[in-house]
Structure formats: structure tokens, C-alpha cells
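The tour moves from one selection to the next.

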Amino acid sequence: MFVRRFWTVCMRTKLARCMFCVAGLFMTCAAIVAHHGTGTYDSTKSVTLSGIVTEFAFTNPHAALFVDAKDETGKVVSWAIEMNSPGVLARAGWSKKMFKYGDQIMLTVRPSKAGTPVGLINRQKPVVVNGKEVLKADGTANAID
């Protein structure tokens, strides 16, 4: 009798622990699967920006470049440009010294569908800094002096 009761309590506890672990695993997997994509950007459009670098954040989870560029009316607009992770960019030859404050830059982005000055860098187009092509059209980096 005692063994039977002990077995029943033990199994219930193991079952509860197991269910708790499985639930935790599902929640963790859901968070991994929920990573955002590029759906907020309009992949059918491209905007070429020419302006001044105000900041380059070569940090996880995504590098970001901030550029002040003039719009068609001549008004300065501050753009935030999302990029891949530093690891992906580093494997293509990028570095945290690629862009610095005050650099004159020309690059192409896929703009936000919301119409805000936010974009995703188009790594299939060259990036020119201070008159020198630092990123080729295949997304890899040229040597920096």
C-alpha cells in the first residue's frame, strides 16, 4: 500500500515536472521562432541616400547606421538604417571602423512600409564613403586605409 501511494505521488510529481519542462521548452522555442524578419521594409522600392554619418553602432543583435540626409525639398532628415548582425558583417569584411561621425556617405536602402525614415541597407548596391567605394555591390568590404 505504501509503495503504491509513494509511486503514485512520485509519478504525479515527475509528470508535473516533465510537463513544466516541456512547457518551458515550447516557450523558449516560440521566442526563437518569433525573431523578426524584414517584412516591415518595402523590398520593391529602393531609396538612395546621400548625407552625413551621425553614428555607427556595430552591436548585436543588428548593426545600425544613422545618417542625416536631405530630402527632395532640401530638409535634413535623420535616417536609421538596419543591418545584419556584426558577426555576419565581419565575415563579409566589415568592421566597427567602417563608418565614423562626419563621413560623407551614399548608400541605398529599402525603406520602411510605414513611410518613416527607417530603412534596411541594400547590400547588393555599393556604399561610397568620402568618395571611395568601401562596400562592393556584393556586400563585401573593400580594404580601409
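Select Phe 56, Phe 58, Trp 94 and Phe 99 first: together they form one aromatic cluster. Keep in mind that this is a predicted model. The structure holds three aromatic pairs. One of them is Phe 56 with Phe 58, a tilted pair with 5.7 Å centre to centre and 45° between the planes.

Now keep Phe 56 and Phe 99 on screen. How are the rings of Phe 56 and Phe 99 oriented, and how far apart are their centres? The planes stand at 90° and the centres are 5.0 Å apart, so the pair is edge-to-face; the cut-off for that class is over 60 degrees. Phe 56 belongs to strand β1, while Phe 99 sits in the loop between α2 (86-91) and β4, so the pair ties together parts that are 43 residues apart in sequence. Both Phe 56 and Phe 99 are buried. For Phe 56 the relative accessible area is 14%, and buried means under 20%.

In soluble globular proteins, nonpolar side chains tend to be buried together.

Centre on Leu 65. Beyond its neighbours within four places in sequence, Leu 65 is in contact with Val 53, Glu 55, Phe 56, Trp 79, Ala 80, Ile 81, Met 83, Phe 99, Ile 105 and Leu 107.

**Along the strands**

Switch to cartoon. Strands β1 and β2 run antiparallel, joined by six bridges. They form a hairpin with six residues between them. Pick Ala 57, whose bridge partner in β2 is Ala 64.

Next, β2 and β3: these pair in the antiparallel sense too, over seven bridges. Lys 70 has Val 76 as its bridge partner in β3. Five residues lie between the strands of this hairpin, and Gly 74 takes a positive phi near 95° there.

**Two loop stops**

Go to His 62, in the loop between β1 and β2. Is His 62 buried or partly exposed? His 62 is partly exposed, with a relative accessible area of 24%. Show its side chain: one of its polar atoms lies 3.1 Å from the backbone oxygen of Met 83. Then set a distance from His 62 to Val 88. Their C-alpha atoms are separated by 9.6 Å, and the two residues are 26 residues apart along the chain.

Move on to Ser 112, in the loop between β4 and β5 (118-121). Ser 112 is buried, with a relative accessible area of 14%. A polar atom of its side chain lies 3.0 Å from the backbone nitrogen of Ala 114. With neighbours within four places left aside, Ser 112 is in contact with Thr 40, Tyr 41 and Val 118.

**Zoom out**

Show the whole protein. There are two helices and seven strands, in the order α-β-β-β-α-β-β-β-β from the N terminus on. Of the 145 residues, 28% count as buried. Among contacts with a separation of 6 or more, 55% come from residues 24 or more positions apart.

Key. Residues numbered from 1 in each chain as written. Predicted model: local features only at pLDDT ≥ 70, side-chain atom pairs only at ≥ 80, totals over all residues. Heavy atoms only, no water. Contact = heavy atoms within 4.5 Å. Pairing = 2+ DSSP bridges. Helix = DSSP H or I, 4+ residues; strand = E, 2+ residues; numbered from the N terminus. Buried < 20%, exposed > 50% of the residue type's maximum accessible area, 1.4 Å probe, protein only. Polar contact = N/O pair within 3.5 Å; in protein donor to acceptor, adjacent residues only side chain to side chain. Phe/Tyr/Trp six-rings, centres within 6.5 Å; stacked < 30°, edge-to-face > 60°.
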